Amino acid sequence: MAAGMLMAVGVVQAADDPIATRQAIMSSVGAAAGLGGGMMKGEVAYSPVAGKAAIAAMNAAASSFGSFFPDGSNTGNTGATEAVWDNSEGFAAEIAKFSAATEKAMAAAGKAGPADLDAFKAAMGPVFGTCKSCHETYRKKN
């Protein structure tokens with residue numbers, strides 16, 4: 001019970017800090033991309049379960065990420081460019097493409113995950129494409 005209450009406090013605190021929340025979400029996306037990319041490059045052995053996990057993490061991020069860019073969260077330690085707020089319709093369109101790609105990947109993955117590496121590449125390739133497309137305009141260059 002105490003652990004559940006502690007987790008609830010953490011969620012409330014995260015909701016109060018949209019920059020930290022979106023950074024946490026992007027951290028999960030980065031981990032999923034690392035796993036997925038590693039499998040696609042042959043650096044990590046392909047597993048349907050791991051493939052499904054990478055796709056599911058991307059899908060979870062896509063369903064919530066866009067909610068954490070309220071007015072005023074464009075200053076501070078953020079990797080987002082001003083274009084997120086200056087062109088909010090364009091940013092929303094990028095998030096919608098990400099969401100659609102992850103939904104399609106989830107459907108293709110089925111219950112057990114993509115059967116083989118080629119099926120995983122076919123499902124995840126378009127997801128990675130939406131990441132690249134969004135980052136070109138809406139993420140600060142390092």
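**Exercise 1.** Is the crossing of H5 and H6 left-handed or right-handed? Characterise the packing of H5 against H6 in this predicted model.

*Solution.*
Step 1. The crossing of H5 and H6 is left-handed.
Step 2. The axes of H5 and H6 lie 8 Å apart, at an angle of about 165 degrees. Because angles over 145 degrees count as roughly antiparallel, H5 is roughly antiparallel to H6.
Step 3. Helix H5 contributes to the contact through residues including Gly90, Phe91, Glu94, Lys97 and Phe98, while H6 contributes, among them, Pro126, Val127, Cys131 and Tyr138.
Step 4. By class, the residues of the contact of H5 with H6 comprise 11 nonpolar, four polar and two charged.

**Exercise 2.** How many salt bridges does a search of the whole structure find? Locate each one and state the accessibility of its partners.

*Solution.*
Step 1. The search returns two salt bridges.
Step 2. One joins the side chains of Glu94 and Lys97, with an N to O distance of 3.2 Å. Both residues belong to helix H5 (residues 88-109); they are three residues apart, so about one helical turn separates them.
Step 3. Glu94 has 11% relative accessibility and is therefore buried, whereas Lys97, at 40%, is partly exposed.
Step 4. Another salt bridge links the side chains of Glu136 and Lys132 at 3.0 Å, N to O. This pair lies in helix H6 (residues 117-138), four residues apart, about one turn of the helix.
Step 5. Glu136 is partly exposed at 49% relative accessibility; Lys132, at 55%, counts as exposed.

Technical notes. Residues are numbered from 1 along each chain as its sequence is written. This is a predicted model: local features need pLDDT of at least 70, side-chain atom pairs count only at pLDDT 80 or more; totals for chains, interfaces and linings use all residues. Side-chain values use heavy atoms; hydrogens and water are left out. A salt bridge is a side-chain nitrogen of Lys or Arg within 4 Å of a carboxyl oxygen of Asp or Glu. Helices (H or I, at least four residues) and strands (E, at least two) are DSSP runs, numbered from the N terminus. Buried means under 20% relative accessible area, exposed over 50%, partly exposed in between (1.4 Å probe, protein chains only). Axes are lines fitted to C-alpha atoms, for helices over the stretch in contact, and angles run from 0 to 180 degrees between N-to-C directions. Angles under 35 degrees count as roughly parallel, over 145 as roughly antiparallel, 65 to 115 as roughly perpendicular and the rest as oblique. A crossing is left-handed if the near helix is turned anticlockwise from the far one by less than a right angle, and right-handed if clockwise. Contact means heavy atoms within 4.5 Å. Ala, Val, Leu, Ile, Met, Phe, Trp, Tyr, Cys and Pro count as nonpolar, Asp, Glu, Lys and Arg as charged, and the others, Gly among them, as polar.
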